[in-house]
Amino acid sequence: MLPIRYTVLKNLTLAPSLLKLGTKSELEDRARSIIKRVGLEEKTDYYPCQLSGGQKQILNLASIMAMQPSVLILDEPTSQLDPIAASEFLHCVSRINHELGTTVIITEHRLDEVLPLSDRVLVIENNGISAFDSPQKVGKILKEKNSKTFLSMPAPMQIWQAVTENDNTDCPVTVPSGKKWLSEYAQNHKMYELTPENIQKHSDKEAVSLNDIWFRYEKSGADVLKGLSLKIYQGEFAAILGGNGMGKSTALSIICSLNKPYRGKVEISPLNKNSFDTLVAVLPQNPQTLFLKKTVLEDLYEVFDGRKISKEEKERRVTAAVKLCRLENLCNRHPYDLSGGEQQRAALAKILLIRPQILLLDEPTKGLDAEFKIEFAQIIYDLNKAGITVLMVSHDVEFCAVYPSRCLMFFNGEVVSEGTPRTFFSSNSFYSTSASRMSKGIIDNAVSSNDVIYACTGKSRDISIDRNTPDIDLFKNDTENIPLKKEK
């Protein structure tokens, strides 16, 4: 973490000076050179707290580069950045690699931007190396192995492989190369009209209503929410998108009463069903804040501390939560020993044990691989079937383009646009998916890889969620399933 009491320039001279890597004059000259290289010239005298999320991450990068490393290792550096900030950050990394000759090793789940910048890609599956080659060849290797990791590859690669099958030409990796290939394909093949969106049905009754909400963190500070109004319906899965610092997480804090607006009205409408114990629950960005015990299983049972409930009912609920969140092989592990995605699943299971009517998710797909994102979407669908309302804040445009029933764009503390995923992303030039940018002007309203594949082949890939799953045991309303009550 960067010292908040130092300016951008001071931060870039601090670590090298502590390591005695040059005189004060030399370090300042080096810092100004790096600031210019990463595009922070206008922020030299700013403090870190005055920077956007993307700028803070670029400053972190610049601070490391001030020590002139020969190898730069980055662990999911874009996981908390919006798509535009992530693109700017990766552009800085690419410049460092090409202009300074610094070797860069980066681990990422968001590959649409990273793979085109890479010389080689190493894929690790089942504790072993599955592929290690150029991006073009890795995609083909994974497809031939029928690897689930192929679902994480950039949209142009997935679309090309699904449409051409065993074409011997190099597959496109970037959006421009994918667009060129798709344009030529559309000129020489029959194209199919997209089927209507399969939107999850929900109640017309409001679960959450925010009316003209104004909020600031400090009395003399700037407003974070500015006349925010939105309605979320019972049993709906809605997603909030927008840049860093636009008020998305703040809106969640208002809904769960962590913060209170100084103007406006918040209305939460309960379902009044016995199968729910809690009105509103939040899965935070950092799941580690929820872990208190030495194993995942102990952490799940911790939810029942101080409450009157039978041993059998505790076991039934925990078993259902473990099954729902795919934690069977993780129960005896320490929560901190889990991967980021596994921690998200364990934290979600713990939240679900309090059986909320309204579930708020803050960046829940961060650290999840493409395979589990499909399973995660299935979990949300099953929760919606049980009557639970799910509101998610996310930068994951590829996920949001497929699974929510509605997407809302936040800008400057208010909602500026909303619609179904296809309507939302096809009309958005900046906050859009790779598939949308690749197919724009060729296929109307295509926003996901599946949309483009269907338009080209008339067939959909078999990776959709199952809409005929049984009801979730955790929320069944039987004689044992009584609301939790605190002990007196």
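A cavity here is a set of grid points where a 1.4 Å probe fits but cannot get out. The exercises below apply this to a predicted model.

**Exercise 1. Count the cavities of 30 Å³ or more, and describe the lining of the largest cavity.**

Step 1. The count comes to two cavities.
Step 2. Take the largest cavity. Its volume is about 130 Å³.
Step 3. Its lining holds 14 residues, and those closest to the centre are Ser79, Arg110, Thr365, Lys366 and Asp396.
Step 4. Sort the lining by class: seven charged, six polar and one nonpolar.

**Exercise 2. Find which residues line the second largest cavity, and classify them.**

Step 1. The second largest cavity has a volume of about 30 Å³.
Step 2. Its lining consists of Ala207, Gln234, Ser269, Leu271, Gln357, Ile358, Gly387 and Thr389.
Step 3. Five of these are polar and three nonpolar, with no charged residue.

**Exercise 3. Compare the span of helix α4 with the expected value, then find what covers its buried residues.**

Step 1. α4 covers residues 83-100, which is 18 residues.
Step 2. At 1.5 Å a residue, 26 Å is expected; the first and last C-alpha atoms are 25 Å apart, close to that value.
Step 3. List the buried residues: Pro83, Ala85, Ala86, Phe89, Leu90, Cys92, Val93, Ser94 and Ile96.
Step 4. Their cover includes the helices α2, α3, α5 and α14, along with the strands β1 and β2.
Step 5. Look past the end of the helix. Gly101 follows α4 and has a positive phi, near 75°.

**Exercise 4. Check the span of helix α12, and state how many of its residues are buried.**

Step 1. α12 runs over residues 340-352, so its 13 residues should span 18 Å at 1.5 Å a residue.
Step 2. The end C-alpha atoms are 18 Å apart, which agrees.
Step 3. Apply the burial cut-off, under 20% relative accessible area. In α12, 12 of 13 residues are buried.

**Exercise 5. Decide whether Thr433 is buried or exposed, and identify its contacts.**

Step 1. Thr433 sits in the loop between α15 and α16.
Step 2. Its relative accessibility is 0%, so Thr433 counts as buried.
Step 3. A polar atom of the Thr433 side chain lies 3.0 Å from the backbone nitrogen of Ser436.
Step 4. Set aside neighbours within four places in sequence. Thr433 is then in contact with Val397, Glu398, Ala401, Phe425 and Val447.

Definitions and conventions: Residues numbered from 1 in each chain as written. Predicted model: local features only at pLDDT ≥ 70, side-chain atom pairs only at ≥ 80, totals over all residues. Heavy atoms only, no water. 1 Å grid on protein atoms, 1.4 Å probe; cavity = no way out; pocket = protein on both sides within 12 Å on 5 of 7 lines; lining within 4 Å. Points joined across faces, edges and corners; volume = space filled by probe spheres on them. Nonpolar A, V, L, I, M, F, W, Y, C, P; charged D, E, K, R; others polar. Helix = DSSP H or I, 4+ residues; strand = E, 2+ residues; numbered from the N terminus. Expected span 1.5 Å × (residues − 1). Buried < 20%, exposed > 50% of the residue type's maximum accessible area, 1.4 Å probe, protein only. Contact = heavy atoms within 4.5 Å. Polar contact = N/O pair within 3.5 Å; in protein donor to acceptor, adjacent residues only side chain to side chain.
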